[in-house]
Amino acid sequence: MLHKFLLSFLLIIICQSSLIAQEEYNFSRFKDESFNFIKQPAKWDSNDWLKLGLISAGTFLIIQTADQPIRNEVLKDRNYFKSFPIEAGRIWGEIYTTTLFAGAFGMYGIIANDNSTKKVGFEIVQAAIYSGAITQLLKVSFGRARPYTNEGTKSFYPFSFSNDFNALPSGHTTLAFSLSTVLSKNAKSDFLKIISYIPAVLTAVSRVYQDKHWASDVFLGAAIGYFVGSWVVNQHEEKESSVQTFAIYPLTIKIKL
């Protein structure tokens, strides 16, 4: 799985290379914001730690009570294994889908000279890399057996690099929710904000239905993708808001003078 992550990282960087020379959205900004992201836990308040605690407790509770019953139910009917919704969900969580969206937004932003569209492409890349790094670290650290190995819900092989023991959290679900979150938060209408999450939900369902992950794997993956995607978009909105306020304030003073 590590080599897949490194390849994914390379693909995302390549597809965004056209943004390097563009005004704000460049590697220098990416580097600075990456350091800020790494330092975030040191700045967390009680609400942030509470969220982490709830996500951890929720994952543990699902492992203990729901993972096996859910798997037993989905294995009863395999008629939809390659159906359109299930396959569409899987595809939404693939690295090439994230790469395609990032490249499309980036290129359109450059061609149309639309800074807001370039920002979306940049945020898709950031969210994918940050959330992907967290997910890969946890996968290797936990070393959880995938359901199809039939080793049960509580079989862990810490620091395993085998794909059969990289279940927790779900990488596809992480990417799917990081992508959907960036798209949703940049959407202008409530309708678009809601439907942006439909393919991500299908990704979570498909990973469980195709027996690649337990329900707790996709729960944790979805949480990582959502919160990382939210952090990426929110920090840019805060910076833009502060710049606009700074620009307006001197103008107001001038008028008064």
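The second largest cavity is lined by Asp 67, Ile 70, Arg 71, Val 208, Asp 211, His 213, Trp 214 and Ala 215. The model is predicted, with local features needing pLDDT of at least 70 and side-chain atom pairs counting only at pLDDT 80 or more, while totals for chains, interfaces and linings use all residues. Residues are numbered from 1 along each chain as its sequence is written, and side-chain values use heavy atoms, leaving out hydrogens and water.

A cavity is a set of points on a 1 Å grid over the protein atoms alone where a 1.4 Å probe fits but cannot get out; a pocket is an open set with protein on both sides within 12 Å along at least five of seven lines, and lining residues have an atom within 4 Å of a point. A volume is the space filled by probe spheres set on the points, which are joined across faces, edges and corners. Helix 4 (residues 67–74) gives the most to the lining of this cavity, with 3 residues. The lining has 4 nonpolar, 1 polar and 3 charged residues, where Ala, Val, Leu, Ile, Met, Phe, Trp, Tyr, Cys and Pro count as nonpolar, Asp, Glu, Lys and Arg as charged, and the others, Gly among them, as polar.

The largest pocket has about 850 Å³ of space. Of its 24 lining residues, Trp 44, Leu 52, Ile 134, Phe 227 and Val 228 lie nearest its centre. By class, the lining comprises 17 nonpolar, 4 polar and 3 charged residues. Helix 2 (27–39), helix 3 (46–65), helix 7 (115–142) and helix 11 (215–256) each supply at least two of the lining residues. Helices are DSSP runs (H or I, at least four residues) numbered from the N terminus.

| Pair | Axis distance | Angle |
|---|---|---|
| Helix 7 and helix 8 (residues 171–186) | within 9 Å | roughly 155° |
| Helix 2 and helix 7 | 12 Å | about 40° |

Helix 7 is therefore roughly antiparallel to helix 8 (over 145 degrees). Helix 2 and helix 7 are oblique to each other. In contact (heavy atoms within 4.5 Å), Arg 29, Phe 30, Glu 33, Ser 34 and Phe 37 in helix 2 meet Phe 122, Gln 126, Ile 129, Tyr 130 and Ile 134 in helix 7. That contact divides into 6 nonpolar, 2 polar and 2 charged residues.

Note on methods. Axes are lines fitted to C-alpha atoms, for helices over the stretch in contact, and angles run from 0 to 180 degrees between N-to-C directions. Angles under 35 degrees count as roughly parallel, over 145 as roughly antiparallel, 65 to 115 as roughly perpendicular and the rest as oblique.
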